[in-house]
Amino acid sequence: MRTLLAGLILGAATLAAPAVQAQSCGSGGGASVCLIANGLADNIQLGWTASGTIKSLEVYRDTDPNPVGRSRIAVLPATATSFTDPTAATGTPYWYWVRFATSAGSYNSGAATATRGTACLPTAVTPLAQVGGTWMQTDAPVVPAGASAVLGPQPASGGSWSWSGCGTAGTARLQTITPAAACKSNVVYTNSCGAKTALTFNVAVAGVMRDITSLQLSRLMSPGWNVGNSLDATPNETSWGNPLINQALLNGVKAAGFKSVRIPVTWTTHVDANDNIQPQWMARVAEVVKYARNAGLYVMINLHHEGGWLDNVTYDQQPANNARFAKLWTQIAEHFKHHDDYLLFASLNEVGKQNAPWGVPPQQEWTDVQNGYHQVFVNAVRATGGNNARRHLVVQGYFTNIDTSFDRAVLPTDTIANRLFFEVHYYDPYNFTINGDGQMWQWGATATNPTETWADEPWVDAQFDKMKARFVDQGVPVIVGEYGAYLKPNYPGMAPYRKAWAEYVTRSMSQRGLVPMWWDTGEMIDRVTGAHKLPDMLKVLVDNAK
């Protein structure tokens, strides 16, 4: 935006209305005709008054006041009192006569002159807004929350204004607004010759960005909840069996005692051939973010299931992947740049070398490329400005694995200190937590017939100790963006062990300052009504995060 002097006035040409000419009269044979001519934008209009008995009328025209050499341009009924000349050239003065006949002979009115004018064109209107005492040339002012702004388009004189929307009304050129949310103000300027110019101010309200570190923010976010298998579903939000996310669901999450929500989002199934995000998809994601904010929740959005291209973590694919990644995040960040600090961006989800053998340590190339994505992400978001210059951002470990993160994670360089989170996921032991075909249904110290013990309580504490030492103690908070264990229908006795796992794991995270975010796809909270389907489990998660 370009800052202007408050008193800047832009000149605008306006057209005066046509001057009214005096009547020019002539008489003879007991009759008289008084003629007047007016030049308009598209023609010259003649009008006259007549008295006496007139038998016929003719109109003559010339480019000088001498009637010699004039031309007849119309023969009219004796009762006519007007004539329009559309053939007059623009800008050329003309003289007109009405020749009238009586029983005694033919006579002339006096000569009347007029010039056809130019078309009445709309006047260019310059959008100007004053925010924080500074005038700027913009039709998209950003107003801090709770503050006022002045809309003052120019020209400053010579026409009239008509306002509507965003707290504006009436005809005053200067309009003071105090918007509570983003809004549109429409104004129409009518110049002196009647041409209209429409202008829309798209007013944004910048949310509050508090002067707090990410570590301080993390203490306000625990515990957290995932709205899984919805906006991350492909090809559409309802493709994996869940209904559209609604306000009741987010209200139910808040009512259960959760303070933050992770909203996984898949973007690349909603782009064109050039990776331009479909406006309707961006609007839908923004709608869901608003639901969460309405409920009083912190919100984290990410790039989730993007079709595998980010998993090509090789040096030869890195430039193309980085460019695509930056383009997506630039669009997302630009759209949400005025949101407050209750909205966090998380770079990606569980990215690592595609089809790599499980359990094999990653190659240096793979972790280099994956770490590099986060620098691209931070650079792209910060470059969009607005509140994104200070937004809290979240980067992930390779495959969100705790051990690899501890050994290989490289945090990106940032333009602002203490605005960075680190994210890992936790599903140990796999055969108990998420392997639906697994036979492990008992866990922990109370297990009477354990099949695996490597991931019991001591392992849990040791894993989260690593995250505390590597990140939290260095001022970088850790979000466990996904964790969970899920019941197996074939093992009805699993429920108390699942409860014990959730209780211990949640408490262990929280004691070390990590933010737990349970992964849910509709099991515990009804996706339509927000009703609590498993209140005892919800209580376990919330109570052990305190």
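Modeller: A pocket here is an open set of grid points with protein on both sides within 12 Å along at least five of seven lines. The model is predicted.

Biologist: How much space lies in the largest pocket?

Modeller: The lining of this pocket is made up of 35 residues. The space in the largest pocket is about 1000 Å³.

Biologist: Which element gives the most residues to the lining of the largest pocket?

Modeller: Trp358, Tyr398, Phe399, Thr400 and Asn401 are the lining residues nearest the centre of the largest pocket. The elements that give two or more residues to its lining are helix H6 (402-408), strand E25 (420-426) and helix H8 (457-470). With five residues, the element that gives the most is H6.

Biologist: How many residues of the lining of the largest pocket are nonpolar?

Modeller: Eleven of the lining residues are polar and seven are charged. The nonpolar residues number 17.

Biologist: What is the volume of the second largest pocket?

Modeller: The second largest pocket is lined by 25 residues, and the closest to its centre are Ala181, Ala182, Val205, His338 and His339. Its volume is about 850 Å³.

Biologist: Which element gives the most to the lining of the second largest pocket?

Modeller: Two or more residues each come from strand E18 (183-191), strand E19 (196-206), helix H3 (279-294) and helix H4 (318-335). The element that gives the most, with six residues, is H3.

Biologist: How many charged residues does the lining of the second largest pocket have?

Modeller: By class, this lining has twelve nonpolar and six polar residues. The charged residues number seven.

Conventions. Residues numbered from 1 in each chain as written. Predicted model: local features only at pLDDT ≥ 70, side-chain atom pairs only at ≥ 80, totals over all residues. Heavy atoms only, no water. 1 Å grid on protein atoms, 1.4 Å probe; cavity = no way out; pocket = protein on both sides within 12 Å on 5 of 7 lines; lining within 4 Å. Points joined across faces, edges and corners; volume = space filled by probe spheres on them. Helix = DSSP H or I, 4+ residues; strand = E, 2+ residues; numbered from the N terminus. Nonpolar A, V, L, I, M, F, W, Y, C, P; charged D, E, K, R; others polar.
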